[in-house]
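This briefing is meant for a reader who is meeting the structure for the first time. Please look over the sequence and the model before reading the points that come after them.

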Amino acid sequence: MNSAQSQSLNVLLQEIEGIQLTHQNQRRLRADISADALPALLALLRGRAGYVHLSAISCVDWIEDDQFELVYHLWSYETSILISAHIRVARDPGIYLSVFDIYTPAAFFERDIHEMFGLYFEGSPDMSKFILTEWDGPPPMRKDFDSEQWVMDNFTWQDYHPDWLKQIEQQGGGVVKSADSSRKSS
Amino acid sequence: MKSTDLDRIEVNPKTMPKRTNPLANVFDDLVRFCRSRSMFMLHYCTGCGAIELPPAMTSRFDMERLGIQPMVTPRQADILLITGYVSIKTLKRVILTYEQMGSPKYVIGICSCTVNGGMYWQSYATAKKLDEYMPVDLYIAGCMPRPEAVIEGLQQLMDKIKNDQANSWKQYYENYDYYLGNQQKLFGNNWQTPTDVIGEAEIYRLMGPQTLGEHTKILQQVQKPMEPLEMKL
């Protein structure tokens, strides 16, 4: 990367209203923007800055703020700077715009986020089930879904000291030596 | 599926009585010996435990000296080896595979995950106890068990077969209602497999008092006849 490229990128990004740029290091740029401005930012980056690669969209559930955070990870092979665009979307009703028209691979990421977080993307081509085809509970990556409680309600557990093990122990089998006794230091 | 009438079912005694003809006993022993020395193994590698199988199979520990070889299809396999966590989606496929295998068949669960969920115990997506969904002959616990332990477990299975103790495949027919109930609890009431387990139980004469029950009734209500797959070029 050279600094001229970096500077021109900065100038370009200032065209977006209300953008906050943080240089986390030389090759990482964090952009916090409002949810309304995101499509404009992506179109700008793709059209004029060579950011042809949307690596991923990640989602964070900030349940205390009642918001979802969406992070769009963008990569340019020319500047070699990773831009992560952060936006916040209200958790309820949890609807946001799809960026499928700007980046085609977004369809998969959005479908995945819809499945895991229940966030709906308007305009995304397919919002049907993706990986969890056999799951009809609440979206499992939401913070208000208690995975442990769900497991406790739906599964039973093996007995840790069953009768057959007691029988083996009576015959001198089972765990004869404790783990501590075989350590070198003791 | 044929509708099965509870009255005409012969209840199989739990333990087969020894045959009175001494020659027949010798023959049975011989059959069991041969069976235990030539097993084909289908390894359903669901998790990280699979990494211990290549050394167990190949020259270092050499499973084949025990007469155990990997097999490519469930129809020809004797052992179903499940190595690691079974997610709920995988479990469906595991059950399909298990039901396709010809009897007698033996299931070995390797790693802690098949015993009790292992490190995925609090995950919504993995099944916890494998033996709720199909009868398991042998567990090899560990995270992951070394190839020595795998070989040791396979030797134990051979001993069990020789001593006529590895009969858990009969459990699947005798307690089909229980296993089907657990499967339905996880997959919903529309769950069905292409294999007609109740019909097979009749043929093997393994219909027990637990074979049919409320869960098989649900199955018979929702079951659709299998149709041949559409062929397209």
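The model is predicted, and the domain assignment divides chain B into domain 1 (19-166) and domain 2 (167-224).

**The two domains of chain B**

- The C-alpha centres of domain 1 of chain B and domain 2 of chain B lie 22 Å apart, and the contact between these domains takes 19 residues from domain 1 of chain B and 14 residues from domain 2 of chain B.
- On the side of domain 1 of chain B that touches domain 2 of chain B, helix 3 of chain B gives the most, with 6 residues.
- Sorted by class, that side of domain 1 of chain B has 11 nonpolar, 3 polar and 5 charged residues.

- V94(B) is placed in helix 3 of chain B, which covers residues 88-100.
- V94(B) counts as buried because 21 other C-beta atoms lie within 10 Å, where the cut-off for a buried residue is 20 or more.
- When its neighbours within four places in sequence are left aside, V94(B) is in contact with Y44(B), I82(B) and V86(B).
- Q165(B) stands 71 residues from V94(B) along the chain, and the C-alpha atoms of these two residues are separated by 23 Å.

**Where chain A meets chain B**

- The contact between the chains takes 10 residues from chain A and 10 residues from chain B.
- The side of chain A that touches chain B has, by class, 5 nonpolar, 3 polar and 2 charged residues.

Notes: Residues are numbered from 1 along each chain as its sequence is written. Chains are lettered from A and ligands numbered from 1 in the order in which they are written. This is a predicted model: local features need pLDDT of at least 70, side-chain atom pairs count only at pLDDT 80 or more; totals for chains, interfaces and linings use all residues. Helices (H or I, at least four residues) and strands (E, at least two) are DSSP runs, numbered from the N terminus. A residue is buried if 20 or more other C-beta atoms lie within 10 Å of its own, exposed if 12 or fewer, and partly exposed in between; C-beta atoms are placed from the backbone. Two residues are in contact if their C-beta atoms, placed from the backbone, lie within 7 Å. Ala, Val, Leu, Ile, Met, Phe, Trp, Tyr, Cys and Pro count as nonpolar, Asp, Glu, Lys and Arg as charged, and the others, Gly among them, as polar. Domain bounds come from an automatic or database domain assignment.
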